[in-house]
Amino acid sequence: MANKKLLSALFILMASVFISGCATVSKQPPVSTKRETYLKDICARNNVSWQWDQVAQVVTLKYRGAKAKVLVGSDLVLMGEERVTLSAPARTVQSAVIVPPDFQSKVILRLRQEASQKKGYAIPKFRSIIIDAGHGGKDPGAIGRTGLQEKVVVLDICKRIKKILQQRGFKVKMTRESDKFVSLKARTEIASRAAADLFVSVHANAARVRSAYGFETFSAPDLGFVDRIATQRKINEGLMFSNLSIKKNALNVERIVSDMLYEHKQSESKLLAKQIGQKTAKLIKAKNRGAKKARFYVLRNTLIPAILVEVGFLSNSKEEKLLKKKTYRQKIARSLARSISDYAKGTR
Ligand SMILES: [Zn+2]
């Protein structure tokens with residue numbers, strides 16, 4: 001009996017917490033609006049169903065299998081794997097959600113496009129990418145038997161990746177473009193300030209066992225509480241949030257955004273590491289050593305999906321010889337860029 005009572009109390013609570021709407025079929029075409037609109041009206045016009053979780057302050061929109069999450073009190077919308085920033089925050093007025101004018105083009109239209117998406121007409125998950133060439137300056141990284149330095153190899157590969165990704169329509173920023181020392185802290189701050197969607201760190205391996213060879217990728221393991229509130233993560237959150245217009249002192253909203261970003265980053269990074277590792281290794285005809293988890297600083301302290309790739313072993317004389325060649329570096333760059341681009345566009 002007690003259980004039953006508890007259950008019904010819970011049910012009442014749930015019913016009062018979730019408010020939802022499912023628009024009936026509307027033949028009206030999507031309209032563009034010049035002013036703020038009620039979310040429920042814009043959804044009804046476009047046949048989009050919505051559910052508002054008033055505790056989490058998240059409105060989930062659905063249209064034929066395509067989904068978006070609107071965070072009330074912020075200008076952030078998560079569309080599948082993509083983050084969209086509105087011109088102004090979604091806000092509540094007399095217990096109704098109001099959205100800015102660009103909600104129609106940035107969210108509703110894309111939701112509809114995504115639902116009707118045909119192969120080859122995908123909306124990329126990522127548009128803006130940070131390419132991080134490991135080491136630099138006083139830090140040479142791994143050094144091969146013939147003296148080939150990791151910092152030189154990875155910078156050259158990264159410049160090539162940047163060029164190819166730009167040709168493919170992505171916005172690319174590098175954490176260093178020359179042989180200079182950039183701290184790990186600074187690298188994560190560059191990534192957080194840039195409002196980018198993906199962070200790719202490029203390294204070359206070294207191992208005591210000189211026979212070790214191949215290509216491998218890493219993503220961060222699930223982070224514990226202490227890692228999640230690490231000073232650098234908090235600094236980076238501040239940098240990233242300054243790009244979003246979250247109401248000042250809205251701690252609850254910041255916590256929710258922080259959790260959403262974390263969940264998003266963890267699931268995406270894992271998939272990315274796996275898919276990019278498999279595809280790139282295949283394209284460059286290298287052994288795939290697999291997608292692994294590692295607590296690397298740049299993976300732990302970035303807030304966007306982040307992976308680290310090890311393109312080959314400088315400690316292996318055969319791979320060192322390959323990594324010396326411009327043609328092989330170009331091959332790696334082309335293959336990595338293609339794998340990233342395929343992932344972003346959802347093609348396998
Ligand atoms: Zn390295």
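Q: Why is E150 called buried?
A: Buried means under 20% relative accessible area, exposed over 50%, and partly exposed in between, with a 1.4 Å probe and protein chains only. E150 has a relative accessible area of 3%, so it counts as buried. A word on the basis: this is a predicted model, in which local features need pLDDT of at least 70 and side-chain atom pairs count only at pLDDT 80 or more, while totals for chains, interfaces and linings use all residues. Residues are numbered from 1 along each chain as its sequence is written, and side-chain values use heavy atoms, with hydrogens and water left out.

Q: What makes E150 a donor of the zinc ion?
A: Donors are N, O and S atoms within 2.8 Å of the metal (3.2 Å for Na, K and Ca); water is not among the atoms, so sites may look incomplete. The zinc ion is coordinated by E150 through OE, together with H135 (NE2) and H203 (ND1), at 2.1 to 2.2 Å. Along the chain, these donors are spaced as H-x14-E-x52-H.

Q: What makes H135 and E150 a pair that ties parts of the chain together?
A: Their places do. H135 lies in the loop between strand 10 (128-133) and helix 4, whereas E150 is in helix 4, so the pair ties together parts that are 15 residues apart in sequence. Helices (H or I, at least four residues) and strands (E, at least two) are DSSP runs, numbered from the N terminus. The protein has 11 helices and 15 strands by that count.

Q: What makes the link between S201 and D132 a polar contact?
A: A polar contact is a pair of N or O atoms within 3.5 Å; within protein, one must be able to donate a hydrogen and the other to accept it, and residues adjacent in sequence count only if both atoms are side-chain atoms. The side chains of S201 and D132 meet at 2.7 Å, and the pair qualifies. S201 is found in strand 12 (residues 198-205) and is buried, with a relative accessible area of 0%.

Q: Which residues does S201 touch, not counting those up to four places away in sequence?
A: Contact means heavy atoms within 4.5 Å. S201 touches D132, V298, I307, L308 and V309.

Q: Why is the pair F126 and Y343 called stacked?
A: Rings of Phe, Tyr and Trp (its six-membered ring) pair if their centres lie within 6.5 Å; planes under 30 degrees apart count as stacked, over 60 as edge-to-face and the rest as tilted. F126 and Y343 are 5.9 Å centre to centre with 15° between the planes, and that makes them a stacked pair. F126 lies in the loop between helix 3 (103-115) and strand 10 and Y343 in helix 11, so the pair ties together parts 217 residues apart in sequence. Both residues are buried.

Q: What makes the pair of F218 and F296 edge-to-face?
A: Their ring centres are 5.2 Å apart and their planes stand at 75°, so the label is edge-to-face. F218 in strand 13 (residues 215-219) and F296 in the loop between strand 14 (288-293) and helix 9 (297-300) are 78 residues apart. F218, at 9% relative accessibility, counts as buried, while F296, at 31%, counts as partly exposed.

Q: How do you know that the charged end of K138 sits over the ring of F181?
A: A charge sits over a ring if NZ of Lys or CZ of Arg is within 6 Å of the ring centre and within 35 degrees of the ring normal. The charged end of K138 is 4.4 Å from the centre of the F181 ring. R228 does likewise with Y262, at 3.7 Å from the ring centre.
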